Amino acid sequence: MQIAVHLSNMTLPGGPAALGRTLAATAKAADEGGVDTLTVMDHWFQMEQLGGPDLAMLEGYSTLTFLAAHTSRVQLGTLVTGITYRHPGLLAKVVTTLDVLSEGRAMLGVGAAWYEREHQGLGVPYPSTAERFERLEETIQIARQMFGDDEGPYEGTHYRLAETLNNPQTISRPGPPLMIGGSGEKKTLKLVARYADMCNLFATGVDEVAHKIDVLKGHCETEQRDPATIKTTIIGAVDPVADVDGFLTEMERYAALGVEQVFVGPAGPDPVEWTEKLTATVLPRLREI
């Protein structure tokens, strides 16, 4: 089973002046310790459930490009980018830049966006839920076209591009792996079945995740897609460093469902020390599951 480290807390000892050093050291520990994927949030404001906008938040892709310079092997991406944040053509170009500068280590994580406060706060349009899902599908189509050989126009309901030119092209072929975040059964998992290389489900319990996987399989049957071609990942498990045995027992149950990767985040004030403990005490045993 694979492991990913998700960096969601940017309020760390030393404040903004030390943040670059701390994040670089955390990424280095993850990279050298064998972590498979390193992600950051793509938000402008810290989420309410993690303390809200009074706490620090960095722009996601600037952070990832910085971390790419301090790593050599770990996969890099957001968990996940709300499609309202950037025009899809520009998003594809940003992800391509990350992929090129990291020598093929980018992934593209996308979702329909949900954090209305940051949109209102910074003056970004926040369409209805139905329209955001329409825009999500068009964004995926545009990214796939820009990562491919077709440089012609794209004509959608919400987006129209005269040229889907993307030069230089991504190192990853046929483009960075696409993750669609979320577990909505009617829309999100249907889009996963239609387009995604990876899904990311909340680890809300083995029974609930089993149900979501069954729903996804049903959508795959409709889309004539082999569900085995979609990498199933989860986020939201217990702190693996605090309770190694409990965490591994839980992961054995998820792995039995077909879950291939778990996203975990540093707990406590020192993400470097936490990541070093993770790679030393948890990762070798997780690999055996």
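This report describes backbone features and a charged surface patch in a predicted model.

**Backbone geometry**

Most residues other than glycine have a negative phi, and most peptide bonds are trans. Against that background, two peptide bonds and two residues are described here.

A cis peptide bond joins L79 to V80, with omega about -20°. V80 belongs to strand β3, which covers residues 75-82. Another cis bond runs from N167 to P168, where omega is near 10°. P168 is placed in the loop between β6 (160-161) and β7 (178-181).

E103 sits in the loop between α3 (88-101) and β4 (108-111), while Q224 is found in the loop between α7 (206-223) and β9 (231-235).

**Exposure of loop residues**

| Residue | Relative accessible area |
|---|---|
| D149 | 74% |
| E103 | 68% |
| Q224 | 75% |

Exposed residues are those with over 50% relative accessible area. E103, at 68%, is therefore classed as exposed, and Q224, at 75%, is likewise exposed.

**Negative surface patch**

Which residues gather in a patch of negative charge on the surface? The patch is formed by D149, D150, E151 and E163. D149 lies in the loop between α5 (129-147) and β5 (154-155). With a relative accessible area of 74%, D149 is exposed.

Methods: Residues numbered from 1 in each chain as written. Predicted model: local features only at pLDDT ≥ 70, side-chain atom pairs only at ≥ 80, totals over all residues. Heavy atoms only, no water. Patch = residues over 30% accessible without salt bridge, like charges linked within 9 Å, V, L, I, M, F, W, Y side chains within 5 Å. Areas by Shrake-Rupley, 256 points an atom, 1.4 Å probe, with all protein chains shown as cover. Salt bridge = Lys/Arg side-chain N within 4 Å of Asp/Glu carboxyl O. Lys, Arg positive; Asp, Glu negative; His and termini not counted. Charge placed at Lys NZ, Arg CZ, Asp CG, Glu CD. Helix = DSSP H or I, 4+ residues; strand = E, 2+ residues; numbered from the N terminus. Buried < 20%, exposed > 50% of the residue type's maximum accessible area, 1.4 Å probe, protein only.
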